[in-house]
Amino acid sequence: MQTPAQSPLWKTYLLFLAPMVLSNFLQSMSGTVNSIYIGQMLGTQALAAVSGMFPIIFFFIALVIGLGAGAGVLIGQAWGARESHMVKAIAGATLLLGVLIGLVAAVLGSVFAREALQGLGTPADVLDDAVAYARVMMWTLPVVLVYVLFTQLLRGVSDTLSPMLALLLSTVVGLALTPAFIRGWFGLPQLGIQSAAFAGLAGTLAAMAWLSWSLIRKGHPLAPDREFFAALRLDGAILGKVLRIGLPTGVQMIVLSLSELVILALVNQHGSQATAAYGAVTQIVNYVQFPALSIAITASILGAQAIGAGRLERMGPILRTGLWINVCLTGGLILAGYLLSHWLLGLFLTEDSTRAMAEHLLHIMLWSLLIFGFQAIIGGIMRASGTVLVPVGVAIICVLGVQLPAAYWLDGQFGLQGVWMAFPIAYLGMLVLQTLYYTRVWKHQKIERLV
């Protein structure tokens with residue numbers, strides 16, 4: 001891929017962004033089709049059991065996303081400065097820490113799965129199925145977390161195509177195996193609600209094997225060769241910089257996941273039908289929210305590379321380009337979501353009353369994802385320079401101080417729909433505060449390389 005200095009900014013942006021958006025689409029589609037399999041082949045209660053696990057998985061993935069965000073900024077700056085040895089050193093230290101996090105998550109998550117789901121108020125009629133699914137998912141986490149982290153690191157060197165192709169393979173394998181495990185086709189065991197978890201693990205392992213072979217064959221700067229494995233060590237100096245940027249981001253993601261746990265607990269109080277509606281709405285929202293986050297990641301990586309190359313004048317244009325792409329891409333997806341909501345939700349939900357409930361909830365908050373994208377892009381630009389504490393603080397304050405209190409109060413006033421009203425309120429607060437800090441403080445600071 002060309003660097004910002006070699007091609008028009010909009011073209012560089014789209015070349016970087018397109019594979020990432022397609023990757024997000026494949027990832028969302030994989031979750032969607034698996035939910036359709038479960039909802040249609042195993043029933044609404046099975047879908048409710050699987051939906052209740054999502055925030056717990058996200059809690060652990062949040063830590064790795066934070067690490068990847070910190071390492072991605074450092075790798076982007078090192079890549080912009082053409083320091084390939086530093087790229088490998090940063091990647092090796094970060095991946096090893098990710099492995100350790102995955103192992104801890106697998107042990108703790110599997111041991112305390114029932115207690116965690118009970119604490120969330122998982123409906124009693126789906127608790128046993130939810131626990132069975134949760135334990136398998138937790139033991140697959142080490143592999144999943146390393147895979148997620150490695151694909152983030154690849155983006156730091158402007159490689160978004162390799163992760164997309166790997167994800168395509170993972171998706172094909174996973175979607176082929178899920179119904180086979182549910183029905184016991186081809187002599188495979190019937191695994192019931194655990195089918196999607198085992199199929200997903202098989203797909204991830206296949207993707208990692210292909211990705212390793214492909215990167216080695218191409219002589220990629222992050223190929224898992226002898227030099228790369230030599231860099232797998234817990235370098236304190238590097239990890240200190242990674243954690244300084246990534247830890248606040250990870251904390252932000254954890255706070256977001258905890259807020260989702262609180263939201264899910266509120267939803268669970270309305271019964272398993274509401275829980276199933278929550279799962280279906282989450283699937284649709286992912287198709288819009290993940291591309292918006294991809295635009296923010298692109299802005300952050302391109303900004304970091306510009307800083308590493310000493311092209312600070314590119315920061316403003318990178319931000320403006322990201323905001324306009326958010327209008328076109330995220331806005332278009334939102335419009336499609338409104339127009340096709342009845343049909344899309346019908347893919348997951350077979351009961352008319354549950355689908356009507358989910359459609360109403362989706363309509364309440366879907367538009368606000370455009371606002372979410374704006375604030376994420378502004379925060380991504382600031383993260384490119386290593387400025388994370390204030391943007392993260394803004395997000396945390398708006399979640400803890402605005403969204404959750406609003407969700408509780410509005411739930412009491414309007415019932416289940418009130419919970420979804422809190423999302424737009426929080427996103428608007430984030431946008432206002434992020435914009436104020438960017439214009440009043442960050443733009444007037446001196447920007448320097450971190451590596």
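The questions and answers that follow set computed values against their definitions.

This is a predicted model, in which local features need pLDDT of at least 70, side-chain atom pairs count only at pLDDT 80 or more, and totals for chains, interfaces and linings use all residues. Residues are numbered from 1 along each chain as its sequence is written, and side-chain values use heavy atoms, with hydrogens and water left out.

Q: Why does Phe 228 count as buried?
A: Buried means under 20% relative accessible area, exposed over 50%, and partly exposed in between (1.4 Å probe, protein chains only). Phe 228 has a relative accessible area of 4%, so it is buried.

Q: Why does Val 104 count as partly exposed?
A: The relative accessibility of Val 104 is 47%, so the residue falls in the partly exposed class.

Q: What makes the pair of Phe 228 and Phe 229 edge-to-face?
A: Rings of Phe, Tyr and Trp (its six-membered ring) pair if their centres lie within 6.5 Å; planes under 30 degrees apart count as stacked, over 60 as edge-to-face and the rest as tilted. The centres of Phe 228 and Phe 229 are 6.1 Å apart and their planes stand at 85°, so the pair is edge-to-face. Together with Phe 150, Phe 228 and Phe 229 form one aromatic cluster.
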